[in-house]
Amino acid sequence: MAEPTDTRHDEVPDLSLSEGEEEEDDEEQWQWMEEEADGVSVSCLFCQRSLNSVPETFQHCQADHGVSILQLVKAHRLDDYGYIKMINYIRTVKCSGETLAVFDGAVPWDSDEFMKPALPDDPLLQIDLEELVGAELVVDAAASGQDEALLQRARQAEERAARSEEALARAMEDLQNLKVLAQGLVLNAGRPGPSCSGAIAELREDEDEAYFSSYGHYSIHEEMLKDKVRTESYRDFICGNPDVFKDKVVLDVGCGTGILSMFAARAGARKVIAVDQSEIIYQAMDIVRSNQLENTITLIKGRIEDVNLPVEKVDIIISEWMGYFLLFESMLDSVIFARDMYLAEGGSVYPNSCNISLAAVGDTEKHCDRIAFWDDVYGFKMECMKKAVVPEAVVEVLKPETVISEPAVIQTLDCNAVTTSELDFTADFTLKMTASTHCT
């Protein structure tokens, strides 16, 4: 018969670990996981290269592609889900680093469809976002709104808006001053006075900036492009004379949206250099790229008097410089400067010839609407306003039957030879009447 054993010495050993032993075991486990993660292959977000770790991949994206994933997470205040969506979006649509840089505000990866991994077992989706960017930015997104950099950007945006409003106000004042100047050329031509050649040259530096800033507003360019008579005249000349433009170097002074530059490129120009001082130049850059003309058209922001062109001479200068009564905007000064500085021998400025004509108008209906109106304004007499209204120039589309004389040409400008001093002139004229009525 077997003897009973002493169970005190054969009890099952306690497998539980002490607190110190648990910590050592956890550290060994994490160390093993990190070593295993460092050994995986991580595909770059923007090219075919494979890297050995997540940090190495992020360094590669920043060094070779100019994209900091950490900065994107911080800039858009992404949480774990937002980060996952962004990584899957980049891999799905295969966007470039330049594309990611332009997103401001709403992001294109906000849809839940980007929660689905674009790459199976993607190591970039297996990291701890809080360790990546700091728990404070992820846990408390509202606190990040106090970040000094964001506040600085907001202040700068407010300052830019304020400067834009001031510039627009100055531009309106400048346009009124130029309007008075144009009236003086016609109504006070016989009076002696100081030379006023080149109204733009007379503006103060800040006013000059305001003048160009006014052309940064899209409505002005929309109005000019919708002037079909004007724009189609340029188009028909440029595109209808490919022998003039083929293989030529063309300079577009005050290019605006770039419409004339694109006409020239379509007509066969070898190279087109488009210059404009206003902010519209940035839209023109997008327009040129959208029409696949960036290899032909080079756009430069600045005054033609200040910029350095990438060529010494050009074969052709084009410009849509004409204003009301031809010289109202006085952009011809800049065209003349460009001609004298850059036009090659045998080259030409287009339009190459312009003239100013006068004709008598007899439109009693319009006259009553503008002048007699002040006799009774809601029951009040305002006749004194007539003295201010009568000499003021008005831009109108006339009915043919209201023109009561033959036109008289008072000045003809040869754009290939005219000088700025010749833009200050007086001229005698005679109108031959074709109808017996009141000249209004």
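Predicted model: local features only at pLDDT ≥ 70, side-chain atom pairs only at ≥ 80, totals over all residues.
**Helix H16.** I counted buried residues: 8 of the 11 in H16 qualify, so the helix is largely enclosed by the rest of the structure. I listed them as Leu332, Asp333, Ser334, Val335, Ile336, Ala338, Arg339 and Tyr342. The list holds Asp333 and Arg339 as well as Leu332 and Val335.

I stepped back to the loop between strand E6 (314–318) and helix H16 (332–342), where Tyr324 sits. Tyr324, Phe325 and Val395 make a nonpolar patch of about 300 Å².

**Strand E7.** Next I looked up Ser348, which belongs to strand E7 (residues 343–350). Is Ser348 buried or exposed? It is buried, with a relative accessible area of 13%, because the cut-off for buried is under 20%. I noted a polar contact of 3.3 Å between the side chains of Ser348 and Asn416. Leaving out residues up to four places away in sequence, I found that Ser348 touches Asp315, Ile316, Ile317, Leu343 and Asn416.

I checked the peptide bond from Tyr350 to Pro351. That bond is cis, with omega near -5°. I placed Pro351 in the loop between E7 and strand E8 (353–358). Most peptide bonds are trans.

**Nonpolar cores.** I went through the largest nonpolar core, which has 56 residues. Which of them touch the most other members? I got Leu251 and Trp321. Helix H14 (residues 259–266) gives the most to this core, with 6 residues. I also found a second, separate core of 25 residues. Leu45, Leu51, Ile69 and Met86 are among its members. In soluble globular proteins, nonpolar side chains tend to be buried together.

I ended with backbone angles. Most residues other than glycine have a negative phi. Arg77 is in the loop between helix H3 (69–75) and helix H4 (80–93). With 44% relative accessibility, Arg77 is partly exposed. I also noted Tyr378, with a positive phi near 55°. Tyr378 falls in the loop between helix H17 (364–370) and helix H18 (385–389). I recorded a relative accessible area of 79% for Tyr378, so I put it down as exposed.

How values were computed:
Residues numbered from 1 in each chain as written. Heavy atoms only, no water. Patch = residues over 30% accessible without salt bridge, like charges linked within 9 Å, V, L, I, M, F, W, Y side chains within 5 Å. Areas by Shrake-Rupley, 256 points an atom, 1.4 Å probe, with all protein chains shown as cover. Salt bridge = Lys/Arg side-chain N within 4 Å of Asp/Glu carboxyl O. Helix = DSSP H or I, 4+ residues; strand = E, 2+ residues; numbered from the N terminus. Core = buried A, V, L, I, M, F, W, Y, C linked by side-chain atoms within 4.5 Å. Buried < 20%, exposed > 50% of the residue type's maximum accessible area, 1.4 Å probe, protein only. Polar contact = N/O pair within 3.5 Å; in protein donor to acceptor, adjacent residues only side chain to side chain. Contact = heavy atoms within 4.5 Å.
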